[in-house]
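The structure comes first, and the points follow by topic.

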Amino acid sequence: MSECVHTSFDDGLAIITIDNPPVNVTSHAVREGLMAALDKIEAAGATRVILTGTGKSFVAGADAKEFALPPQPPVLPEIVERIENFPVPVIAALNGTALGGGLELALACRLRLAAPQATLGLPEVTLGVVPGAGGTQRLPRLIGLAPALSLIAEGRVIGAVEAERLGLIDGLMDDPVTAARSHPLPERPVTGALPAPALDPQAIETARREANRRNPRQDAPQKAIGLVEATCRLPLAQGLALERETFLALKTSDQASALRHVFFAERAALAQGKTGGAEIGKAVVVGGGSMGAAIAYALAGTGIEVTVVETDTASRERARANVAKLYAESVKRGKMNAEAAAAEEATRLRFQSGYDALPAADLAIEAVFEDMDVKRQVFTALDAALPQSAILATNTSFLDVNRIGDGLSNPSRFLGLHFFSPAHVMKLLEVVRGAQTSAATVTTALRLAARLKKIAVLAGVCDGFIGNRILTRYRQICDIMLIEGALPWQVDAALRGFGMAMGPYEVQDLSGLDIAYANRKRLGWRTKPGFRYIPIADRIVEETSRLGRKTGAGWYDYDNGKQTPSALIDSLVIGESARAGITRRPFDDDEIVRRAITAMSEEGFHILEEGIAAKSADIDLVMIHGYAFPRWRGGPIHYAGRVGLPEILHRIEAYAAADPLSWKVPDLLRRAVREGVDPDSFGEQP
Ligand code: NAI
């Protein structure tokens with residue numbers, strides 16, 4: 001008998017307990033164990049069988065690590081079918097999480113009783129697949145077409161109360177295992193024998209539209225909707241066969257591979273902060289502008305007492321208003337009630353000008369203007385005002401972290417914490433290790449990130465760290481395509497077609513052309529040796545008043561807010577090609593995407609090679625969570641692996657041959673091609 005499935009007998013009753021920590025996935029051993037348990041019970045005889053889990057999980061789903069392998073028997077559908085047709089009733093006692101295959105097992109049971117903390121769902125589409133053990137065929141039979149569509153196509157996970165309301169469970173009780181011993185059985189037949197719901201083309205159409213809006217270009221939600229629709233048309237056996245076929249086909253698809261990769265990368269990133277490090281009790285945030293206010297709000301939300309430091313009374317009051325606005329928004333969105341918001345604001349946040357009488361904080365985060373001298377002065381003041389043990393962090397986007405922190409009495413407690421805007425919403429946090437940052441400081445920062453529920457990625461010091469460095473490179477290569485023959489709206493459309501949420505030029509219009517301009521100036525692009533400088537964006541800023549949406553025009557015109565390509569910008573671009581002596585040539589969408597995305601991957605390989613990022617998955621996480629790279633493409637390094645590293649190498653070599661100033665083949669990539677390395681696992685511990 002398998003160790004992860006236990007069977008006990010008690011007074012004619014058999015209890016099967018799945019015990020496969022940490023979350024009871026249906027690994028091969030569990031599946032074998034379940035079959036063996038059913039054999040044993042059938043041989044011994046019992047009047048009823050209770051199926052339950054351990055800890056916080058009933059069964060949290062399939063073992064995603066097995067997804068990449070061919071299915072190993074016994075497969076879950078066999079077990080589900082055996083449970084549904086078992087000679088005596090099997091009752092699911094849902095002690096906790098019942099997701100994916102876990103819910104499919106429960107659906108095959110005669111009765112489902114759940115503890116209040118149980119959560120239920122079929123989240124397969126979020127991993128690029130569909131349920132593969134009857135979920136799409138049984139759930140609509142049990143709860144009806146529209147609710148099943150919403151759960152399956154969105155991959156939504158619900159609590160026990162909602163599950164009871166939907167009829168997904170038959171009872172909510174504190175101790176479902178005990179209740180399952182004697183709970184009366186329903187009159188209805190087993191789920192698979194229930195009549196299928198009537199086809200409702202409008203519900204299907206709405207679900208398709210909604211899935212397309214929420215997850216454009218993703219296959220799994222649309223396929224899942226098709227399978228739910230099939231429930232209404234096909235006998236159970238045919239529906240199940242179609243579901244299994246669809247599941248197996250999707251399992252090895254590019255999208256499923258990408259979504260799985262991101263899932264594991266996120267899980268690893270979130271786990272980093274779960275062990276070690278010191279707990280932060282009090283924090284100081286210097287600068288209460290858009291970033292500082294949101295950081296202060298996020299810290300306070302986790303129970304940290306925050307003092308926001310500004311320069312004078314007026315800016316202090318502005319900072320207070322900035323934070324108050326965030327609380328007001330959260331009340332408006334129903335995330336907090338007004339009393340709780342007011343209490344948190346009053347008890348956890350203080351605002352002051354200057355550094356007098358600062359509390360003995362464990363952490364200070366600086367979010368003042370992006371100016372080296374201003375930032376250095378702030379840290380000199382913090383060094384004097386706070387205990388020597390306090391961690392000091394800068395939220396700079398581009399400045400040299402080592403220069404900001406040098407001169408501190410104890411630079412080992414200094415690092416960069418690069419939040420993304422809006423800082424209370426965006427999941428990503430680049431934890432930037434300076435030359436002298438200690439391991440203990442990093443560990444505490446990771447612990448803070450976990451407390452803030454952020455996906456933390458370690459980065460070394462360079463211009464733009466991981467994310468802004470890749471963004472800069474991507475924009476540079478897009479600018480080169482402009483001067484060679486593409487137009488901004490065309491580049492944007494092509495990259496949106498690839499799956500980026502927005503194209504690079506519309507993003508600039510949103511964030512303001514003057515911001516990027518100031519950065520380029522600071523980095524000295526115009527005169528940077530060995531750099532192919534494209535002056536189009538600088539000319540827009542210097543010669544026109546078009547600074548983006550905020551001025552009503554930028555790369556685009558905005559007539560009544562509607563974004564339209566600008567004839568003026570087109571002619572400026574074309575004129576710039578002429579000035580550079582370049583004969584423009586047409587670019588198609590494929591070429592634009594290939595070049596722009598290859599540039600991201602190329603920069604990613606350089607970043608890995610230089611040790612700025614520790615592992616490739618971190619680069620993927622940064623681009624997905626900070627820059628709207630499509631999750632279902634897996635990030636620029638995973639994507640390069642799916643395209644094929646030899647192909648990516650070949651492309652970069654060709655680009656470098658044509659434009660040696662702008663492209664450089666990363667040695668790491670050459671080596672990876674030579675050695676046949678899987679790019680997803682660069683930097684991972686074996
Ligand atoms: P902001 O201009 O909205 O806020 C800056 C705040 O700092 C102002 O309230 C100002 O009064 C205050 N301040 C200036 N000098 C100060 C001093 N010596 N002592 C105390 N307070 C002072 O700027 P934002 O957008 O909040 O950016 C702040 C920092 O965060 C910058 O370093 C920026 O590069 C970085 N950052 C910005 C992101 C963004 O998307 N806005 C994203 C990530 C980082």
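Helices (H or I, at least four residues) and strands (E, at least two) are DSSP runs, numbered from the N terminus. The model is predicted: local features need pLDDT of at least 70, side-chain atom pairs count only at pLDDT 80 or more, and totals for chains, interfaces and linings use all residues. Residues are numbered from 1 along each chain as its sequence is written, and side-chain values use heavy atoms, with hydrogens and water left out.

**Helix packing**

- Two packed helices are described by the angle between their axes and the distance between the axes. Axes are lines fitted to C-alpha atoms, for helices over the stretch in contact, and angles run from 0 to 180 degrees between N-to-C directions.
- Helix α19 (residues 488-498) packs on helix α24 (residues 589-609) at about 75 degrees, the axes being 9 Å apart. α19 is therefore roughly perpendicular to α24; angles under 35 degrees count as roughly parallel, over 145 as roughly antiparallel, 65 to 115 as roughly perpendicular and the rest as oblique.
- In this pair, Gln490, Val491, Ala494, Leu495 and Phe498 of α19 meet Asp589, Ile592, Val593, Ala596 and Ile597 of α24. The contact of α19 with α24 comprises eight nonpolar residues, one polar and one charged. For these classes, Ala, Val, Leu, Ile, Met, Phe, Trp, Tyr, Cys and Pro count as nonpolar, Asp, Glu, Lys and Arg as charged, and the others, Gly among them, as polar.
- The axes of helix α4 (residues 135-143) and helix α10 (residues 236-251) come within 8 Å and cross at roughly 135 degrees, which means that α4 is oblique to α10. Gly135, Thr136, Gln137, Arg138 and Arg141 of α4 make the contact with Leu236, Gly239, Leu240 and Glu243 of α10. By class, these residues are two nonpolar, four polar and three charged.
- Helix α18 (residues 467-484) and helix α20 (residues 504-511) have axes that come within 10 Å and cross at roughly 115 degrees. Tyr474, Arg475, Cys478, Asp479 and Leu482 of α18 are in contact with Pro504, Tyr505, Val507 and Gln508 of α20. Six nonpolar, one polar and two charged residues form this contact.

**Ligand site**

- Among the 23 residues around the ligand, Met291, Glu310, Glu370, Lys375 and Asn395 come nearest; a residue is near a molecule if one of its heavy atoms lies within 4 Å of it.
- A polar side-chain atom of Glu310 lies 2.5 Å from an oxygen atom of the ligand.
- The ligand taken alone exposes 830 Å², of which the protein buries 77%; accessible areas come from the Shrake-Rupley method with a 1.4 Å probe.
- Two or more residues of the shell come from each of α12 (290-301), β12 (305-310), α15 (372-385) and β16 (414-419). α15 gives the most, with three residues.
- The shell divides into nine nonpolar, 11 polar and three charged residues.

**Backbone features**

- A cis peptide bond, with omega about 5 degrees, joins Pro21 and Pro22. Pro22 is in the loop between β2 (13-18) and α1 (28-44).
- Pro73 and Pro74 are likewise joined by a cis peptide bond, with omega about -5 degrees. Pro74 lies in the loop between β4 (57-59) and α2 (76-84).
- Asp11, a residue other than glycine, has a positive phi near 55 degrees. Asp11 is placed in the loop between β1 (5-10) and β2.

Notes. Contact = heavy atoms within 4.5 Å. Polar contact = N/O pair within 3.5 Å; in protein donor to acceptor, adjacent residues only side chain to side chain.
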